[in-house]
Amino acid sequence: MSQVGKMGTRKGRTSYAMAIVGVSLVLILMGVLGWIGINYTKLADYFRESVPVQVFLRETTTDAEKDALVAQVKALPYIKAYTYKDKTTAMKEWQAMGNEDFTQFIDTNILPRSIEMNLKSQYVVADTLKKIEGIFKASPYVTDIKYPQNVVGNMTILSKIGFALLAVALVLAVVVIVLIDNTIRLAMFSNRFLIKTMQMVGATRGFIARPLNIRAIINGSIAGGIAIVVCGLILVTLEGWVPELKAVHDTGLLLLLALSLLVLGVAISLFSTHRSVVKYLKMKLDDLY
């Protein structure tokens, strides 16, 4: 009898371990989707605001005229950031890109002075940039304005991607919750005879469910903790590979996401466990086989 009890205990522990692993995996998926969801808008804005818009100055523009133009740029409501580049800076950047130093052949630096601007995200739209281009080209101090038109044209795809990600996230959220529920129910299947035996000897529903509910809370907490650690490692790795992701790092939202994973793991584990207990209590003994 004791050998059978030990076998049942080992089987129950194995079921609980598999449940923890299963719940952890689906919570990790939820964590990754959650991170994408809370950072998508920030990432989209970051990429839009990273698009460089260069305004090139005429050779005849005086320092006073240049200063006036810079002051005008600074006062514009759609400017996120700007940098004035003189000829020396332009030459250093030219050489940093691997280009040859042409001053070895000619005495003058032919690279123009420029103002490099980054616009606020809502203004990085093809039609809006065309209007801004027209405004600057009308200035007597400006020869040309350049920006990556192909990149700006493709920015409209970001909105479509956002809606697609939202739809995928909602579908996967439902799938994840169902997977967690099924995983817990499979783990509880090994305890069906124990639950029924306790009922047959007169134990109340609360007495039977209490230890199993406590175990569900513990298992859900462990699974949530594992998911939080793994998602944290994934985030640190991604930020190491893509340093630009640090620009949208929001510790407050990440802590909220971590808490949500923990609560979700506990809540679904507890709900599925309690539902399974009630199910087996209502079943007839012959139906358990």
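Visitor: In which helix does Leu259 lie?

Guide: This is a predicted model, in which local features need pLDDT of at least 70 and side-chain atom pairs count only at pLDDT 80 or more, while totals for chains, interfaces and linings use all residues. Numbering starts from 1 along each chain as its sequence is written, and side-chain values use heavy atoms, without hydrogens or water. The protein has nine helices and four strands (DSSP runs of H or I, at least four residues, and of E, at least two, numbered from the N terminus). Leu259 belongs to the element spanning residues 251-282, helix α9.

Visitor: Is Leu259 buried, partly exposed or exposed?

Guide: Buried means under 20% relative accessible area, exposed over 50% and partly exposed in between, with a 1.4 Å probe and protein chains only. Because the relative accessible area of Leu259 is 49%, this residue counts as partly exposed.

Visitor: Which residues does Leu119 touch, not counting residues up to four places away in sequence?

Guide: Leaving out residues up to four places away in sequence, Leu119 touches Glu49, Val53, Tyr78, Ile79, Lys80, Val124, Leu129 and Ile132.

Visitor: How many aromatic pairs are there, and how far apart in sequence are the parts that Tyr78 and Tyr123 tie together?

Guide: Rings of Phe, Tyr and Trp (its six-membered ring) pair if their centres lie within 6.5 Å, with planes under 30 degrees apart stacked, over 60 edge-to-face and the rest tilted; by this rule the count is two. Tyr46 and Phe47 make an edge-to-face pair, at 5.9 Å centre to centre and 65° between the planes, whereas Tyr78 and Tyr123 make a tilted one, at 5.5 Å and 50°. Tyr78 is in the loop between α2 and β2 (79-85) and Tyr123 in the loop between β3 and α4, so their pair ties together parts whose separation in sequence is 45 residues.

Visitor: Which relative accessible areas do Tyr78 and Tyr123 have?

Guide: Tyr78 counts as buried, whereas Tyr123 counts as partly exposed. The relative accessible area of Tyr78 is 10%, and that of Tyr123 is 25%.

Methods: Contact = heavy atoms within 4.5 Å.
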